[in-house]
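Let's take a guided walk through one protein chain, from its overall layout down to individual atoms. Have your viewer ready and follow along.

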Amino acid sequence: MAKQAATQPLHRIAERVRFCTRCGTMHPALDDGKRVCGDCGMGVLLTAQAGAIADPGDPFLVVSEELRVVAVSQSAEQMFGNEASLLSHPLLSALSSSEGDDALARAVRRAAMGSRDVVTLPVRAASAVARDAGPLEARIAACGPPRAALVVIELALRAL
Ligand SMILES: [Zn+2]
């Protein structure tokens with residue numbers, strides 16, 4: 001067993017997961033100082049609530065409080081286009097919501113500011129590939145450090 005810092009009770013560690021911003025691989029949320037993913041060597045390791053990413057293969061974006069895309073997972077590239085075309089671009093140029101872009105922007109901004117709520121919204125993606133995939137949902141949760149919003153994209157089929 002790794003030693004737990006006194007400031008981090010066990011139950012809080014178990015509720016959190018560390019993930020790679022590039023390949024999506026999930027690791028235990030241990031504070032070992034590692035910042036770069038050992039699996040792909042490209043992504044940065046961020047921490048989020050354990051339920052935020054259901055499957056390491058789920059496409060996701062990491063978005064700043066200013067609603068700009070700061071990281072793109074490999075599986076999200078297949079849906080939204082390559083990383084270079086997305087990085088530092090506005091999230092709302094890649095994604096919109098039938099609940100209103102205001103609602104999407106608000107949820108992302110709150111998560112990026114560290115909200116503990118995990119919010120799910122119906123979304124549409126601008127890319128043709130994503131439109132063909134069918135109705136989508138975004139699960140939005142806080143991640144970091146540094147603070148940002150994790151926007152995980154899922155097919156909305158289970159809503160039927
Ligand atoms: Zn990785």
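The paragraphs below start with the whole chain, then turn to the metal site and the charged pairs.

Please keep in mind as you look that this is a predicted model. The chain contains five helices and nine strands. Reading from the N terminus, the elements come in the order α-β-β-β-β-β-α-α-β-α-β-α-β-β. Of the 160 residues in the chain, 44% are buried. If you take the contacts with a separation of 6 or more, residues 24 or more positions apart account for 50% of them. The chain exposes about 8500 Å², and carbon and sulfur atoms supply 53% of that area.

Now turn to the metal. Which residues coordinate the zinc ion? The donors are the SG atoms of Cys20, Cys23, Cys37 and Cys40, at 2.2 to 2.4 Å. Along the chain these donors follow the spacing C-x2-C-x13-C-x2-C. Cys20 sits in strand β1, while Cys37 belongs to the loop between β2 and β3 (45-49), and this pair links parts of the chain that are 17 residues apart. As for the geometry, the four donor atoms make angles of 104 to 116 degrees among themselves, and the site is tetrahedral. A tetrahedral label requires all angles to lie between 85 and 135 degrees, so the site of the zinc ion, at 104 to 116 degrees, qualifies. Are these cysteines buried or exposed? Cys20 has 0% relative accessibility and counts as buried; Cys37, at 2%, counts as buried too.

Next come the charges. Side chains of opposite charge can pair when their charged atoms come close. How many salt bridges does a search of the whole structure find? The search finds four, and three of them can be visited here, starting with Glu77 and Arg22. The closest N and O atoms of Glu77 and Arg22 are 3.2 Å apart.

Glu83 is partly exposed, its relative accessible area being 25%.

For another pair, look at Asp117 and Arg110. Their salt bridge brings the closest N and O atoms to 3.3 Å. Asp117 is partly exposed at 41% relative accessibility, and Arg110 is partly exposed as well, with a relative accessible area of 46%.

Note on methods. Residues numbered from 1 in each chain as written. Predicted model: local features only at pLDDT ≥ 70, side-chain atom pairs only at ≥ 80, totals over all residues. Heavy atoms only, no water. Salt bridge = Lys/Arg side-chain N within 4 Å of Asp/Glu carboxyl O. Buried < 20%, exposed > 50% of the residue type's maximum accessible area, 1.4 Å probe, protein only. Donors = N, O, S within 2.8 Å, 3.2 Å for Na, K, Ca; no water. Tetrahedral: all angles 85-135°; square planar, octahedral: opposite > 155°, others 65-115°. Helix = DSSP H or I, 4+ residues; strand = E, 2+ residues; numbered from the N terminus. Contact = heavy atoms within 4.5 Å. Areas by Shrake-Rupley, 256 points an atom, 1.4 Å probe, with all protein chains shown as cover.
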